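Try each task on your own before reading its solution.

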Amino acid sequence: MSIRPVLEARNAVPTMEGAGVHLHRAFGFHDPSELDPFLLFDDFRNEIPAHYAKGFPWHPHRGIETITYVLSGEVDHADSLGNTGRLGAGDVQWMTAGSGIMHQEMPRGNASGQMHGFQLWANLPRDLKMTDPRYQDVAAKEIPEIIDDDGTRVRVVTGKFWGKRGPVDGIAADPQYLDVFVPAGVKKTLPVDTYRRAFAYVFEGQGAFADASAPSGVLLEKEVMGEEVNIRDMSGDRTLIRFGTGDSVTVQAGEEGIRFLLISGAPLQEPVAWHGPIVMNTKDEIRQAMSDLRNGTFIKPAH
């Protein structure tokens, strides 16, 4: 077994999207080869309705898949094909935009006004960029949860893990999407396919991801008061962990335990041309998409 080294640990950055939704972005509009096949990851967590109520009004997507996972509150969605629905706590929607779709997502808080969810963008390979749009709405009760002897809990959204398979299937990136909780003080090693790019996103508690046996944290060089020093970084809330190659990930949970998403996918290794919510392989394809939007041919008839 080879433990994946930690290449980077960084905090999600506050930003604003849609009609004024306050969220934190872990990555997006960056070097697309870094986490290929994944393009963007947002954490939309808020307790102030005015900071999310206006939501994400009608906007286009082409060439990607969007994965929405709701923890608290609800998200109402509608699209140009006439689909409508509502995602509640624990639900997942996997949308393949393919050749093009217009949709909107409107978050609503729970009884206490809390709204929390994640959205991940996965790239589509060249031969599926213009495939027919497709939805997979998955209710919380359909997502298998595994509880290990040490109290570790894993919800398997997609992919196979510990003998269970997630309900979302037929995804181009063939991803593994896990929601993991490791109890206080427990050190856990989790398998990850060697040939996939992988990252973790910590959203509750604290812990240390390491590529060595020492559980105290990842040794990082940082500048403090003008001097380079080595410190142990205990990765905490809203932290992105980017891993190198290997076939497993090790985490040492802190005093409150740690909860994180562990996501991996097979890299596409294709050129990326990117314009907002439209991701193609060439600039000419981007220009064509923009022309389609202007002349009303962006939504293609079903094949």
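The exercises below cover a pocket, a sheet and some salt bridges.

The model is predicted, so local features need pLDDT of at least 70 and side-chain atom pairs count only at pLDDT 80 or more, while totals for chains, interfaces and linings use all residues. Residues are numbered from 1 along each chain as its sequence is written, and side-chain values use heavy atoms, with hydrogens and water left out.

**Exercise 1.** Describe the lining of the largest pocket.

*Solution.* 
Step 1: A pocket is an open set of points on a 1 Å grid over the protein atoms alone where a 1.4 Å probe fits, with protein on both sides within 12 Å along at least five of seven lines; lining residues have an atom within 4 Å of a point.
Step 2: List the lining. It has 19 residues, and Glu 17, Phe 56, His 59, Gln 119 and Trp 121 lie nearest the centre of the pocket.
Step 3: Sort the lining by type. Nine residues are nonpolar (Ala, Val, Leu, Ile, Met, Phe, Trp, Tyr, Cys and Pro), four are charged (Asp, Glu, Lys and Arg), and six are polar (the others, Gly among them).
Step 4: Find the main contributor. Strand 5 gives the largest share, four residues; strands here are DSSP runs of E with at least two residues, numbered from the N terminus.

**Exercise 2.** Which residues does the salt bridge of Asp 148 tie together, and how far apart are they in sequence?

*Solution.* 
Step 1: The whole structure holds 20 salt bridges, each a side-chain nitrogen of Lys or Arg within 4 Å of a carboxyl oxygen of Asp or Glu.
Step 2: Take the pair. Asp 148 meets Lys 188 at 2.4 Å, N to O.
Step 3: Locate the partners. Asp 148 sits in the loop between strand 13 (145-147) and strand 14 (153-158) and Lys 188 in strand 18 (residues 187-191), so the bridge joins parts 40 residues apart in sequence.
Step 4: Lys 188 is buried at 10% relative accessibility, whereas Asp 148 is partly exposed at 26%; buried means under 20% relative accessible area, exposed over 50%, and partly exposed in between, with a 1.4 Å probe and protein chains only.
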